Amino acid sequence: MALDAEDLVALVLGRGAGRVVATQTRDPIVRLGWIHRVGAAEDPFVCDAVRALADRIPVAGFEASVTCSTGETRIDLVATAAAFERELPAVLAWLTEGELEPDAAELHAEQSVQWRREVRSDPWNRAAALHAWALRGPAMLDVMLPDDETMRTEGPRAMVASLQALAQRDPDIVYVGPAPQLLLDALPPPHGQAGATPPPRAWREITEPTVFLLDDPDRDDVSVRAAVPWFAADPRDQL
């Protein structure tokens, strides 16, 4: 869909310790981003907590997806404008109250462990994880997440606590759709508290050429990935 200048005018408002960025379009689809500046570096359980919440959206007609990083956790919602207007009070209550029943938290913890095992069983996923770990080292997202046993034993309680803590933080909100004023009028009062300043994107410090090897007996081929330092002074240094 082509956008003209009218579609690209955005309203940016401060809201407590967060911000609201709203763009009015003629598209009958609403896209809402609910972004907390709390990531795995501050809370190792927050990503799974928000994923568990997104799996239990209480209204029909909305698609929810979750993106996690070391510095923020984000829910993106997509719905028709009609569904958004009809279900807005319920959606805002779901986003702001941060409620997760203990049984649902236990179920998500077990499903998360099972999903991890499936991911680790794929040799291509293992190779991609090694590549990410070689590049980022201890700053890699997965390094900050709880291990399987910790997720199973501590995850249910920790995820409930994570959502309760998020409910006291002001998110950054991004709205794209035909009626931004509808959202602005419905938002509850802010708390005045946000997450910590996101950590800068960090890379593994390497002072000399380094080779990382993964002994993977389940693979019948070999993959090689080379990372070139972006700060190399000239092409000769890169080579």
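Where does arginine 56 lie? I started my notebook with that one, keeping in mind that this is a predicted model.

**Entry 1: arginine 56**

I found arginine 56 in the loop between α1 and β4. Next I asked how accessible the residue is. I then listed what arginine 56 touches, leaving out residues up to four places away in sequence: Trp94, Leu100, Ala104, Leu107 and His108. I looked at one of these again, alanine 104. Arginine 56 and alanine 104 are 48 residues apart in sequence, yet their C-alpha atoms are 8.8 Å apart in space.

**Entry 2: arginine 37**

I moved on to another arginine. Arginine 37 sits in the loop between β3 and α1. I noted a relative accessibility of 22%, so arginine 37 is partly exposed. Which residues does arginine 37 touch, not counting those up to four places away in sequence? I wrote down Ala17, Gly18, Glu42, Gly71, Glu72, Asp172, Ala194, Gly195, Ala196 and Pro198. From C-alpha to C-alpha, arginine 37 and glycine 195 are 4.7 Å apart, although 158 residues separate them in sequence.

**Entry 3: the sheet**

What is the order of the strands in the open sheet? I traced β1-β2-β6-β3-β5-β4, which is 6 strands with mixed pairing. The edges are β1 (10-15) and β4 (63-68); each has a single partner strand, so one side of each is left without a neighbour in the sheet. From one strand to the next, I read an average twist of 15°.

I followed β1 to its partner. Strand β2 (residues 18-24) runs antiparallel to β1, and 6 bridges join the two. Here I spotted leucine 11 standing opposite alanine 22 in β2.

Then I checked which helices lie on the sheet. α1 packs on it, touching β4 and β5 (73-80), and the direction of α1 makes about 175° with that of β4. Helix α2 (residues 81-97) also packs on the sheet, where it touches β3 (29-36), β5 and β6 (172-177). The direction of α2 makes about 155° with that of β5.

**Entry 4: α1 against α3**

I turned to the helix partners of α1. Helix α1 (residues 46-54) packs with helix α3 (residues 102-120) at an angle of about 110°, their axes 10 Å apart. That angle means α1 is roughly perpendicular to α3. I noted the crossing as right-handed. Which residues make the contact? From α1 I listed Asp48, Arg51 and Ala52, and from α3 His108, Ser112 and Arg116. Sorted by class, this contact has 1 nonpolar, 2 polar and 3 charged residues.

**Entry 5: α1 against α6**

α1 and α6 pack at about 75°, with 8 Å between their axes. That makes α1 roughly perpendicular to α6. On the α1 side I found Val46, Asp48, Ala49, Val50 and Leu53, meeting Met151, Met159, Ser162, Leu163 and Leu166 in α6. How many residues of each class does this contact have? I counted 8 nonpolar, 1 polar and 1 charged. I also saw that Asp48 meets α6 and takes part in the contact with α3.

Terms used: Residues numbered from 1 in each chain as written. Predicted model: local features only at pLDDT ≥ 70, side-chain atom pairs only at ≥ 80, totals over all residues. Heavy atoms only, no water. Axes fitted to C-alpha atoms, helices over the stretch in contact; angles between N-to-C directions. Helix = DSSP H or I, 4+ residues; strand = E, 2+ residues; numbered from the N terminus. Parallel < 35°, antiparallel > 145°, perpendicular 65-115°, else oblique. Left-handed = near helix turned anticlockwise from the far one by under 90°. Contact = heavy atoms within 4.5 Å. Nonpolar A, V, L, I, M, F, W, Y, C, P; charged D, E, K, R; others polar. Pairing = 2+ DSSP bridges. Buried < 20%, exposed > 50% of the residue type's maximum accessible area, 1.4 Å probe, protein only.
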